[in-house]
Amino acid sequence: MGSAAHLEPPERLVRSVTAWEGEAGLAWLARLPGRVADCLERWELTAERVVAAGGRISMVVLVRTAGGEPAVLKVGMVNQETEQEHAALAHWGGRGAARLLRAEPAEGAMLLERLRADISLRSLAEAKAMLEAEAVLQRLWVPPAGDHPFRTVAAATGGQAALLRELRTAAGAADAGPLIDEALAARAELADSAASVESVLLHGDYHHGNVLAGERMPWLAIDPRPLVGERAYDLAWLTRDRLSTLVAQPGARAAARRRIAKLAEALDVDAARLRGWAVFRAVEAGVRYVSAGRREDGELLLEFASWL
């Protein structure tokens, strides 16, 4: 079995957890190597290496099973967004996403099908990447079970909207006041009319970096933050993929609007609802980033939202 000696959390994980999770994050990081070593021993796994560019709140280790099969051990922080990741992967059963081989949900531990961690949709040209991303989403968007454990989009964004109202008066967010008001109004209207739109199981954090090359299928999704709700919510994150590249091109505002129109048409989603969720999700993330000291990233997201 792999020892804990070489299983220290990678720097990217340490920086992210320290910045976003505070004292609770530091305590979790301190226990993490022991938890990983425990999983390796009990699940009879041999560690090959830690993936340095792994998750922002999870440690990812390439492993071999007792039978010599390649797999991935993922041990992450359990919070409201991640607590049902295993349930979503189990429900998909490998259709459009990495297969779940084993899980201990309370510990945030999962054994997963190994994909090619170094090759995501970001390795493709944008047009091709979008086509592949659309194809994967069509496999993921399935009805949830009747007794599913997933939060709804309305519930999840209700909490985000409440925090956004609080941050509206925070230093650095004052200039974004009108944009925040627009985002909150869009979210309220979308949530109020959600019953008129079909609900499916959503990935929740869908972007090119969360779709990796596989062996049994060309592309498979990872790292869901599952919710149940309308398709436009999932697509909203995709509208701003490769944002730095989008900003750098001539006519970025028009390009952003074209992207929304193309995605809506390709996946038969109402363009106005997609625009509304794109505005809300970009503003919510942008203000949160600004408040956490990531001003450049946050202001870029707010600029993107203003184009729509």
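## Salt bridges and fold of a predicted model

The side chains of glutamate 107 and arginine 35 form a salt bridge, with N and O 3.6 Å apart. Glutamate 107 sits in the loop between β4 (100–104) and β5 (109–113), and arginine 35 sits in helix α1 (residues 11–42), so the contact ties together parts that are 72 residues apart in sequence. Glutamate 107 is partly exposed, at 34% relative accessible area. Arginine 35 is also partly exposed, at 25%. The model is predicted.

The structure holds 20 salt bridges. Side chains of opposite charge can pair when their charged atoms come close. Three of these pairs are tabulated here.

| Pair | N to O distance | Separation in sequence |
|---|---|---|
| Glutamate 107 and arginine 35 | 3.6 Å | 72 residues |
| Aspartate 241 and arginine 122 | 4.0 Å | 119 residues |

Take the second pair. Aspartate 241 and arginine 122 meet through their side chains in a salt bridge. Aspartate 241 lies in the loop between α6 (231–238) and α7 (243–248), while arginine 122 lies in the loop between β6 (116–120) and α3 (126–140), so the bridge joins parts 119 residues apart in sequence. Aspartate 241 counts as buried because its relative accessible area is 4%, under the 20% cut-off.

Now the third. Glutamate 198 is partly exposed, with a relative accessible area of 48%.

Salt bridges also join into a network. Its members are Lys74, Glu85, Asp223 and Arg225.

Helix α1 also carries tryptophan 28. Is tryptophan 28 buried or exposed? Its relative accessible area is 4%, so tryptophan 28 is buried. Beyond neighbours within four places in sequence, tryptophan 28 contacts Leu13, Val17, Arg35, Ile57, Ser58, Val75, Gly76 and Met77. Among them is Arg35, the arginine that pairs with glutamate 107. Valine 78 is 50 residues from tryptophan 28 in sequence, yet their C-alpha atoms are 10 Å apart in space.

Two loop residues have a backbone angle worth checking. Most residues other than glycine have a negative phi. Glutamate 44 has a positive phi, near 55°. Glutamate 44 lies in the loop between α1 and β1 (46–50). Its relative accessibility is 46%, so glutamate 44 counts as partly exposed. Aspartate 268 is not a glycine either, and its phi is positive at about 55°. Aspartate 268 lies in the loop between α8 (252–266) and α9 (271–291). At 72% relative accessible area, aspartate 268 is exposed.

Now the whole chain. The protein chain has 10 helices and 10 strands. A compact globule of 308 residues would have a radius of gyration near 19 Å, and the chain has 19 Å, so the two agree. The C-alpha atoms fill a box of roughly 55 × 40 × 40 Å along the principal axes. Of the 308 residues, 51% count as buried. Among contacts between residues at least 6 apart in sequence, 70% join residues at least 24 apart.

The chain exposes about 13900 Å², and carbon and sulfur atoms supply 51% of that area.

Technical notes
Residues are numbered from 1 along each chain as its sequence is written. This is a predicted model: local features need pLDDT of at least 70, side-chain atom pairs count only at pLDDT 80 or more; totals for chains, interfaces and linings use all residues. Side-chain values use heavy atoms; hydrogens and water are left out. The radius of gyration is taken over C-alpha atoms; the globule rule is 2.2 Å times the number of residues to the power 0.38. Buried means under 20% relative accessible area, exposed over 50%, partly exposed in between (1.4 Å probe, protein chains only). Contact means heavy atoms within 4.5 Å. Accessible areas come from the Shrake-Rupley method with a 1.4 Å probe; for residues, only the protein chains shown count as cover.
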